[in-house]
Amino acid sequence: MTASRRRSKTKNEVRGMSTQSVPQDRADSDRSRKEVVLSGNMAVAHALRQVDPHVFPGYPITPSTKIMEMVASFIANGEMQCELVAVESEHSALSVAVGAAAAGARVASATSSQGLAFMWEMLYIAAGSQLPMVLAVGNRALSAPINGFSDHGEAMGARDSGWLQFHSESVQETYDNIVQAFRIGEDRRVRLPVMVCLDGFVLTHTSENIFLENDEAIRNFVRPYRTEYTLLNPDRPVSYGLGDPPEFYMEHKMRQQAGMERALQVIEEVGAEFGRCFGRHYGLLDPYRMEDAEVAIVILGSEAGRVKNVVDELRASGKKAGVLRIRFVRPFPDEQIVKHLLPLRAVAVMDRSYAPGAVGAPVFQEIRSSLYEYRGGAPHVINRIYGLGGRELRAADVRTIFSELDSLRAGNESVPAIRLVGLRGEPLPNWRDQQAFKMPVGQS
Amino acid sequence: MPNPELLLASKHSEPMASGHSLCAGCAAGVIVRQVIMSVEDPVVVANATGCLEVCTGVYPVTSWNVSWIHNAFANVAATLSGVESAYRALRKRGEIPAREIKFVAFGGDGGTYDIGLQSLSGVMERGHDLVYVCYDNGAYMNTGVQRSSATPLGANTSTSPAGNLTSGKAELRKDMTAIAEAHGIPYVAQSSPGYYMDLMHKARRAFQTKGPAFLNVLSPCPLGWASEPTDSLVLARLAVDTCMWPLFEIAKGQFSLTYLPLEKKPVVEWLKLQGRFRHLFQSDHQNLIDQIQSGVDQNWQKILERAGSAVPSFAGPADSDRWGY
């Protein structure tokens with residue numbers, strides 16, 4: 001995520017999208033913004049301070065604890081009016097969130113890994129009750145073995161819970177995503193909870209120069225929250241969480257689906273408005289040097305920066321390589337992704353999660369499925385699973401993947417469809433034909 | 001002097017409409033109405049998953065004339081604490097009218113003693129201004145009468161069956177009221193719908209209390225207790241008269257026994273009306289009945305010692321108008 005890489009980022013003219021992280025032209029009204037050094041956690045906390053939700057239920061868990069600590073400190077110093085509810089578990093954190101949202105409050109929280117897993121039951125209830133709220137997730141591997149480092153496993157596990165799911169590349173984007181998440185989730189066409197993912201440690205704990213926008217400008221952007229059906233209007237009582245018999249359950253699920261589908265448009269609208277206000281434009285995808293690409297890597301999260309750097313190298317040596325970064329896993333922008341991938345010859349989908357027993361990891365599965373109806377002209381699609389439990393992704397690993405794509409283009413059928421990147425010991429030659437794998441004891 | 005609780009209840013709008021599907025003789029609906037009708041202010045009700053929830057709201061209809069939320073099984077306390085936090089937050093910013101609203105949670109013993117204990121404990125420790133009512137029917141009735149930690153010793157349930165080798169539940173029940181008291185919250189009470197004025201008076205005090213209040217209310221269940229629906233309130237009274245379920249309150253740490261039976265009845269009178277204890281009378285289980293009686297006696301002795309000279313003077317039928325005996 002170097003400045004040079006950012007400057008070389010190209011706009012997607014066709015889609016009218018751009019994710020310029022550093023605005024070139026700053027409007028006069030934006031002079032009060034500050035350029036500050038913040039970690040991802042601190043950026044999230046500052047975004048929450050500026051939005052100042054009514055209720056923040058929270059429970060500490062590494063690596064997202066700092067968010068709750070800073071919210072507590074902002075409240076203690078009178079910089080936020082928010083009610084901090086320091087609960088006794090993540091299950092209760094999301095239970096409080098559901099109660100508060102049903103009462104008409106704007107709600108935010110933060111968690112990671114096991115914490116998200118402990119919220120599982122409530123994730124579905126928040127979404128099924130169509131209660132908007134914003135949850136920052138500092139992505140971290142799920143136990144066992146207990147690990148604590150960056151990994152998308154918990155977020156991928158929650159992908160079907162009915163939440164919108166952002167994945168951020170940088171600290172700046174995380175901050176921007178939190179602000180946009182309120183607008184998107186609260187939009188009457190959507191009314192769904194939103195998860196804003198930031199890679200554990202890589203984003204939560206790493207400091208970056210970012211633009212911290214003016215408090216007032218952020219408040220104006222998110223607007224005051226008003227909702228129609230609240231528990232706190234005794235003149236108009238409502239019942240939340242009724243039993244739903246078979247005659248109605250499917251139709252209510254379809255209302256969630258409708259919210260998800262409309263969210264695709266709302267995300268682009270809010271991203272465009274955010275761009276007009278703050279100079280940083282966002283869409284569903286972040287295509288990088290994709291215009292004339294022949295091979296590409298699809299990725300989400302912070303490691304996209306490393307892949308972009310390798311693409312710059314490859315471009316310099318005449319290779320037509322690109323990166324398609326996905327900003328949203330839910331709703332899954334399949335049509336938009338397909339448009340970018342169809343002209344290519346070979347694509348590697350890089351997943352930072354693992355699905356034992358499945359045919360590859362989740363993002364790969366959805367992309368290959370999305371391309372199926374174009375099977376006559378679709379590119380080869382392979383899955384490269386990387387970075388589990390915080391395992392480092394090296395530039396050399398990315399170069400290897402691009403050379404595998406070249407080899408695939410050239411008709412080499414020995415390129416494995418699914419492979420773990422950076423695995424020590426004997427590599428698995430084929431996902432479905434696993435040879436005995438011996439853990440290299442004593443190696444480091 | 002007219003009774004304030006009865007006066008209020010007579011003028012109160014109906015919080016929970018008829019037409020719900022609770023069993024005939026289920027005490028949960030009685031408890032809900034007695035509790036809510038003891039307070040003037042509008043209430044928001046939260047319900048744990050369970051009989052009461054299943055039977056009072058199935059889309060597209062609801063029995064609730066007051067705002068109501070059901071979230072999940074384990075978290076009714078946390079959920080209501082979220083509603084209450086939102087209320088404070090929105091009032092603080094002037095985004096809702098400055099109007100007094102009360103908050104009450106209803107959970108069964110499964111949702112209170114077992115799966116919801118942690119959530120309730122957190123709420124009591126955090127000091128939210130709400131009332132938690134446990135309607136304790138002593139098992140998981142909604143799923144078909146499985147034992148809970150509130151099930152009494154010797155009770156036959158579907159997961160503590162009385163068989164050739166077993167005599168129903170082998171363990172003593174958990175003292176949830178004492179657990180609530182140990183949190184140091186400002187109001188804790190134990191009550192029974194059989195003594196409706198006792199329950200309504202305590203509910204009123206609970207709502208008037210600033211901070212968390214916990215009411216543990218015995219809730220006879222014809223299905224799980226295998227008793228006659230017409231016996232429910234008889235059982236609710238017998239539990240008190242046998243001292244199996246003493247009525248008391250602890251207000252700001254001050255313990256008061258609110259009912260002293262004129263004559264302490266043997267616990268067998270309570271047991272014999274319930275099919276879940278039938279096996280105790282059919283085979284040679286006198287030792288278990290003795291064990292139940294001695295457990296009741298020991299607990300009652302502790303209660304009396306605790307009450308000391310403050311045993312109520314209004315005990316028994318002499319003051320029946322005031323206390324609904």
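**Figure 1. Phe248(B) and its bridge partners in the strands of chain B.** In this predicted model, Phe248(B) is bridged to Leu257(B), which belongs to β10(B). Gln190(B) also has a bridge partner in β9(B), and that partner is again Phe248(B). Strand β9 covers residues 248-251 of chain B. It is joined by four bridges to β7 (residues 187-191), and these two strands run antiparallel.

**Figure 2. Arg325(A), a buried arginine with two glutamate contacts.** Arg325(A) sits in strand β12 of chain A, which spans residues 321-326. Its relative accessible area is 1%, so Arg325(A) counts as buried. Which side chains make polar contacts with the side chain of Arg325(A)? One is that of Glu169(A), at 2.8 Å, and another is that of Glu173(A), at 2.9 Å. Leaving aside residues up to four places away in sequence, Arg325(A) also touches several others, including His167(A), Asp286(A), Leu300(A) and Lys308(A).

**Figure 3. Helix α14 of chain A and its buried side.** This helix runs through residues 395-409 and has 15 residues. From first C-alpha to last, α14(A) reaches 21 Å, close to the 21 Å expected at 1.5 Å a residue. Its buried residues are Asp397(A), Val398(A), Ile401(A), Phe402(A), Glu404(A), Leu405(A) and Leu408(A). Because they cover an arc of only 155 degrees around the axis, they are on the same side of α14(A). Among the elements that these buried residues pack against are β11 (295-299), α11 (304-316) and β12 of chain A. After the helix comes Gly411(A), whose phi is positive, near 90 degrees.

**Figure 4. Tyr87(B) and its neighbours in both chains.** You can find Tyr87(B) in helix α4 of chain B. With a relative accessible area of 7%, Tyr87(B) is buried. Its side chain makes a polar contact of 2.6 Å with the side chain of Arg91(B). A polar atom of the Tyr87(B) side chain also lies 3.2 Å from the backbone nitrogen of Ile101(B). Among the residues that Tyr87(B) touches are Leu232(A), Ile96(B) and Phe103(B). Glu100(B) is another residue that Tyr87(B) touches; their C-alpha atoms are 9.7 Å apart, with the two residues 13 apart along the chain.

Figure 5. In soluble globular proteins, nonpolar side chains tend to be buried together. The largest nonpolar core here has 131 residues, and Met133(A), Leu232(A) and Trp270(B) touch the most other members. Which helix gives the most to this core? That is α4 (residues 76-92) of chain B, with nine residues. Around Trp270(B), the residues touched include Trp225(B), Leu235(B), Met244(B) and Phe277(B). Apart from this core lies another, of 76 residues, among them Val266(A), Tyr282(A), Val298(A) and Leu300(A).

Definitions and conventions:
Residues are numbered from 1 along each chain as its sequence is written. Chains are lettered from A and ligands numbered from 1 in the order in which they are written. This is a predicted model: local features need pLDDT of at least 70, side-chain atom pairs count only at pLDDT 80 or more; totals for chains, interfaces and linings use all residues. Side-chain values use heavy atoms; hydrogens and water are left out. Buried means under 20% relative accessible area, exposed over 50%, partly exposed in between (1.4 Å probe, protein chains only). A polar contact is a pair of N or O atoms within 3.5 Å; within protein, one must be able to donate a hydrogen and the other to accept it, and residues adjacent in sequence count only if both atoms are side-chain atoms. Contact means heavy atoms within 4.5 Å. The expected span of a helix is 1.5 Å times one less than its number of residues. The arc is that of the directions from the helix axis to the C-beta atoms. A nonpolar core is a set of buried Ala, Val, Leu, Ile, Met, Phe, Trp, Tyr and Cys residues joined through side-chain atoms within 4.5 Å. Two strands pair if DSSP finds at least two bridges between them.
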